[in-house]
Amino acid sequence: MSSLVARAQLVGAVAAQYCEDVDKEGRFPSEAVRAMKEARLLSAFIPRAFGGEGADLSEIAEVVSIISQACASAGMTYAMHQIKVSSVISHGDKAEWHQDFMRRISRDQLLVASATTEGGVGGNLRNSICAVERDGDRFTLAKDGCVISYGRDADAILITARSRPDAPASDQVMAVLTKDQYKLELTGVWDAMGMRGTCSDNFKFSAEGDVAQVLPNDFGEIAAKSMLAICHILWSAVWYGIASSAVSRAQSFVRAEARRNPGQTPPGALRVAEAANMLQLMRSNTIAGLSRFADAKLDEDDLGSVGFIVAMNNIKIGASRMVVDIINHALLITGINGYRNNTPYSVGRHMRDALSAQIMISNDRIFGNVANLLLMHRLDPSLAA
């Protein structure tokens, strides 16, 4: 863990140098990602048998948080890469092609992106219009309206589609395609309020590959048993990193006020205490998610249970709400110095990045799913871990 933390801190230092430019220009955090590759962080999650370091999810979450404290776009890029890698680890570890792909990630520090969204399905990643069209051992795939974060800078993309042209929209598979196998036609440029460096442009995607590149498990199982839980946990780690940075700036502001007025408690000191309290709750929420997922992985029935799904969804909802409240506290503490973009106490970028949290898999959509699940599930009232 100490080695990963030290390397993440080096990446964070690089990300901090360029974060303002990344945000202003809406450009990919190329310097930070280059530093990730040099530090060999892109393969940290991959098992040692395939050239990685075999880090556990809590270690990856810590790396995500450290980088996000410096640059949320860089931290989110790292998180999304590891979310995709986790699907290959969990569902491709017995398949020769995917074993070799993990070795390639480790050897060449490949950056992996995701194409799970599609125009015409209303943001529902569990439905697809496009389909895998097989011809012997080969397949082709064309997908419109893809939002692919850092798509132009990725070395490979994991993409979802119906398993065959006559399959229902929810009968999906996920395939791995490398940069030499697909074409991207830009259809919409990412010009957003925050998370500007993720460069989540819209594309028409077309590709051809070997059938062996399709993950063995159907996408419904991949999503339910690993991807969504890891997604919610690592996103929460990004938001925790943003909130931590904002509170740190607020605390520095209050300390500076105290030095200017010895013997007087600055008016913002109480709000710093409140913000620290909320930050601790946010940290506990994410740690609880890590613990709950670790336990569920030991019990196949629990991993697919309603209780587990509800718990993971609540991790995301809680973190996405708390991050905005915490940064708002930081803004109230720092006042105009936090509102302006050109001061050491600015939290404008933090707030804009954090506002994405409630719409990255919409909280309303998640609440709707949880509401239906709770019609048939009794909440656990115990405090036992």
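Author: We can start with a pair of strands. V112 stands opposite A156 in β4. Keep in mind that the model is predicted.

Reader: What makes β1 and β4 a pair?

Author: Two strands pair if DSSP finds at least two bridges between them. Strand β1 (residues 112–115) is joined to strand β4 (residues 156–162) by 4 bridges, so the pair meets the definition. The two strands run parallel.

Reader: Why is T77 called buried?

Author: Buried means under 20% relative accessible area. T77 has 0%, so T77 is buried. This residue lies in helix α4 (residues 72–92). Leaving aside neighbours within four places in sequence, T77 is in contact with F28, P29, V33, L111 and Y150.

Reader: How do you know that R196 is buried, given that R196 is found in a loop?

Author: The cut-off is under 20%, and R196 has a relative accessible area of 15%, so R196 counts as buried. The loop runs between β6 (182–188) and β7 (201–210). Not counting residues up to four places away in sequence, R196 touches D23, K24, E25, G26, R27, S73, W190, D191, R352 and D353. R196 and D23 are 173 residues apart in sequence, but 5.6 Å apart in space, C-alpha to C-alpha.

Reader: Which residues touch the most other members of the largest nonpolar core?

Author: Of its 121 residues, these are Y78, I157, F205, L234, W239, M282 and V323. Helix α6 (residues 219–260) gives the most to this core, with 22 residues. Another core, of 5 residues, lies apart from it, with V310, I317, V370 and L373 among them.

Reader: What is Y78 in contact with, beyond its neighbours within four places in sequence?

Author: Y78 is in contact with M36, L41, L42, A44, I60, V63, V64 and I67. In general, nonpolar side chains in soluble globular proteins tend to be buried together.

Reader: How much space lies in the largest pocket, and what classes of residue are in its lining?

Author: The space is about 1,200 Å³. Of the 47 residues that line the largest pocket, T117, L125, W235, M360 and I361 are the closest to its centre. By class, the lining has 27 nonpolar, 16 polar and 4 charged residues. Helix α6 gives the most to this lining, with 9 residues.

Notes
Residues numbered from 1 in each chain as written. Predicted model: local features only at pLDDT ≥ 70, side-chain atom pairs only at ≥ 80, totals over all residues. Heavy atoms only, no water. Core = buried A, V, L, I, M, F, W, Y, C linked by side-chain atoms within 4.5 Å. Buried < 20%, exposed > 50% of the residue type's maximum accessible area, 1.4 Å probe, protein only. Contact = heavy atoms within 4.5 Å. 1 Å grid on protein atoms, 1.4 Å probe; cavity = no way out; pocket = protein on both sides within 12 Å on 5 of 7 lines; lining within 4 Å. Points joined across faces, edges and corners; volume = space filled by probe spheres on them. Nonpolar A, V, L, I, M, F, W, Y, C, P; charged D, E, K, R; others polar.
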